[in-house]
Amino acid sequence: MVTDRVPADGTSGGGGAGGGRSRRRLVAGLVVVLAVVAAVVVWTRPGPEPGLADAEGRLEVVLEDYRFDVEDWTVPAGTPVTLVLVNRDEVSHPLTFGGALVEADGVPVGYEDGLFDGLDAVVTPASASASEREGPGFTVAVPGGSTVTIEVTFPAERAGSWNVGCFLGRGCHLGAGLAATLTIG
């Protein structure tokens, strides 16, 4: 009768090569387990909620298919904020920031009370801030396929809800989904 004997130390016996293979398999298994654990930790690491500025005050919003990826934006008051506007559409979207909606002959044309009135906002590239558009409110042009940033510190007096929207096409872009609420505070 033939029996397999396993030494008490858990090796395959015979000394040399068999024990080395077992250790290599054990190490390889541990490496795989550690890689899986690391991937889970990175994957589940908490980040800012969509529409919420991160710890550095940075908020990225994507414009695609004539809508924003998130409709409710929140940034702090009294600390520097960077709004990053990424336009994945082929067309330019002049985005207007302000208070209550203003209409002319039943067509939305802008917002009352420009959010950025009297504030030192830095728009990059600078050409985006030169948007000429009829209607009230602060407007920034975000060309198709580009990214525009706005760096600003909103004072506590501006805390509250403001509107953001694109008024091209006699309000068609606004109606299609390029309308959002920016909450400061």
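**Which residue in the turn of the E6 and E7 hairpin has a positive phi?** Aspartate 105 does, with a phi of about 55°, and the hairpin has 2 residues between E6 and E7. Strands here are DSSP runs of E, at least two residues long, numbered from the N terminus. The model is predicted, so local features need pLDDT of at least 70 and side-chain atom pairs pLDDT 80 or more, while totals for chains, interfaces and linings use all residues. Numbering runs from 1 along each chain as its sequence is written, and side-chain values use heavy atoms, without hydrogens or water.

**View 1: strands E6 and E7.** E6 (residues 101-104) pairs with E7 in the antiparallel sense over 4 bridges; to count as paired, two strands need at least two DSSP bridges between them. Alanine 104 has valine 107 in E7 as its bridge partner. In E7 (residues 107-111), 4 of the 5 residues are buried, so the strand is largely enclosed by the rest of the structure. Buried means under 20% relative accessible area (1.4 Å probe, protein chains only).

**View 2: the open sheet.** Its 5 strands run in the order E2-E1-E4-E10-E8, with mixed pairing. E2 (67-68) and E8 (122-124) sit at the edges with a single partner strand each, so one side of each has no neighbour in the sheet. E1 (residues 58-64) and E4 (residues 80-87) pair in the parallel sense over 6 bridges, and leucine 59 stands opposite leucine 83 in E4.

**View 3: around phenylalanine 154.** Leaving aside neighbours within four places in sequence, phenylalanine 154 is in contact (heavy atoms within 4.5 Å) with residues including Val75, Leu115, Phe116 and Ile184.

Conventions. Buried < 20%, exposed > 50% of the residue type's maximum accessible area, 1.4 Å probe, protein only.
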